[in-house]
Amino acid sequence: MDATKRPLLIPPEFSVYAEKHGIFQIYEKLIQKLVIHQPADPVQFMIQQLEEPEDDAPMIIIHGPPGSGKRSLTKMVADKLNVVHLSREILFGGKADSQDSEILSSTLIKRLQEKDCTQQGWVLEGLPENRQQALALQGAGVFPKHFVILFVPDTVLIERVMGKRIDPITGDVYHTTFDPPNNPDILRRLEIDPNSQEDVMIKRLLEYHRTIPGIMSCFEHVSKRVDADQPMSDVFVQVMSFLRTKRRTVAPHTPRVILLGPTGSGKSVQASLLASKYQLVNVCSDDIVKQALADDSDLGQSLQPYIERGVTIPDDLVLKIITNRLGRLDAVKRGWVLHGFPKTRSQCDALASAGYEPNRVIFLDAPTDTILERLTLRAVDPITGERYHLLYAPPRTGEIKNRLHTHPEDEESEVLARLSEYQAHHEDLQDNFREGQRVNADQDLQTVFECIESIIVNPLPN
């Protein structure tokens, strides 16, 4: 940064590099491991940690009351993600009921530290069983990335377990009404689950309701409550959607937003709302070009010949104006929302080459009929300068209506020409911004804003 020049321009690579490589998360993880392991030589320990491969294996807990379907759901998740499935029965086999809480905790911790669990990931079925076991996991440095809690009313659970049957050979669980086996041989050998008696079930439910609040208090920052009183396929879809969601981080997040969409899709309105609520710098390509001309700067003077001849301003000049604005201190500190640029693949490449990479790209989609309705019915009162829309905000009197003037850019032929130009480059923009999120802009502006807002404040899905 050259302190002799004004305005001061901060190189964009600083924040982009830190965000792309997760510098803040690296520091956070190192400090967390230092506190857990408390090594005698912290510096050497951190070096060893940095040399280890990235830890991105799934770490999942699926919990719920007896009869909620957590065993079936856990098997489905384990098969889908190819992770290790662990439960009390799997850890101890036929001796599951004879093992106390401390033995279960130590056995589970030791199992989670084995190679297959650390490399593939794991999903726990109904574990930990109480708060003490949860605290033991945390004390050993075991922190799940997702905690799924299944919810089903007790009356439904009691009804479910009355028809529960177990295959004594495979251990698979069936239900006489909801999930009977297709094979008649399996049907003949099914046995009643001894835990399915009503009095036993009520006792198990009371135990569950007593222990689950303490367990959830240990994992509330990574938990999601899922209604399991619905078909298992629907429950599975909701759970997988949650598991694909990245965890929130406390790392500083500076929004760098690009709004893309056809003319009339509402980019300017949404950019203004974002700038107002989140104090972002609103960068409209057309407005800053006009500002450069008004400032009569060297850059503005270089634009003048193109304006006078009525020809398109070269991309390199527009890019220079935009990057000058994005590099200022307020834009780097508070973030920015850019609209009206880029419009083509070459402009996307030029913006990326200059170091200005967005962390959110949002496509606003609106049908042609809606856009024509929005733009071609706009008009201005030449006397008062007040703006009207013949459908949404009509003039109060016939006299005003008769003198309204429509801007040449709002003529249907001009609007269709701009739409055609956008569609010509739309696929290139999509290919360039593959992580771009789509929003239906054919809704009221507040609903569209809420959709955009959720994309900006939440982590992008995996």
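Student: Is D56 buried or exposed?
Tutor: D56 counts as exposed, because its relative accessibility is 62% and the cut-off for exposed is over 50%. Keep in mind that this is a predicted model.

Student: Okay, and where is D56 placed?
Tutor: D56 lies in the loop between α3 (42–51) and β1 (59–63). In space, D56 is 9.2 Å from Q120, C-alpha to C-alpha, though 64 residues separate the two in sequence.

Student: Switching to the inside. Which residues touch the most other members of the largest nonpolar core?
Tutor: I258 and W336 do, in a core of 28 residues. Helix α16 (residues 315–326) gives the largest share of this core, 6 residues.

Student: What is I258 in contact with, leaving aside neighbours within four places in sequence?
Tutor: Its contacts include W336, L338, F341, P342, L351 and F433. R360 is also one of them.

Student: What about a second core?
Tutor: There's a separate one of 25 residues, with M59, I109, C117 and Y208 among them.

Student: Now helices. At what angle do α13 and α22 cross?
Tutor: The axes of α13 (residues 267–278) and α22 (residues 445–457) cross at roughly 55° and come within 10 Å. The two helices are therefore oblique to each other, and the crossing is right-handed.

Student: Which residues make that contact?
Tutor: From α13, they include V269, L273, L274 and Y278; from α22, V448, F449, I452 and I456 are among them. By class, the contact has 10 nonpolar, 1 polar and 2 charged residues.

Methods:
Residues are numbered from 1 along each chain as its sequence is written. This is a predicted model: local features need pLDDT of at least 70, side-chain atom pairs count only at pLDDT 80 or more; totals for chains, interfaces and linings use all residues. Side-chain values use heavy atoms; hydrogens and water are left out. Axes are lines fitted to C-alpha atoms, for helices over the stretch in contact, and angles run from 0 to 180 degrees between N-to-C directions. Helices (H or I, at least four residues) and strands (E, at least two) are DSSP runs, numbered from the N terminus. Angles under 35 degrees count as roughly parallel, over 145 as roughly antiparallel, 65 to 115 as roughly perpendicular and the rest as oblique. A crossing is left-handed if the near helix is turned anticlockwise from the far one by less than a right angle, and right-handed if clockwise. Contact means heavy atoms within 4.5 Å. Ala, Val, Leu, Ile, Met, Phe, Trp, Tyr, Cys and Pro count as nonpolar, Asp, Glu, Lys and Arg as charged, and the others, Gly among them, as polar. A nonpolar core is a set of buried Ala, Val, Leu, Ile, Met, Phe, Trp, Tyr and Cys residues joined through side-chain atoms within 4.5 Å. Buried means under 20% relative accessible area, exposed over 50%, partly exposed in between (1.4 Å probe, protein chains only).
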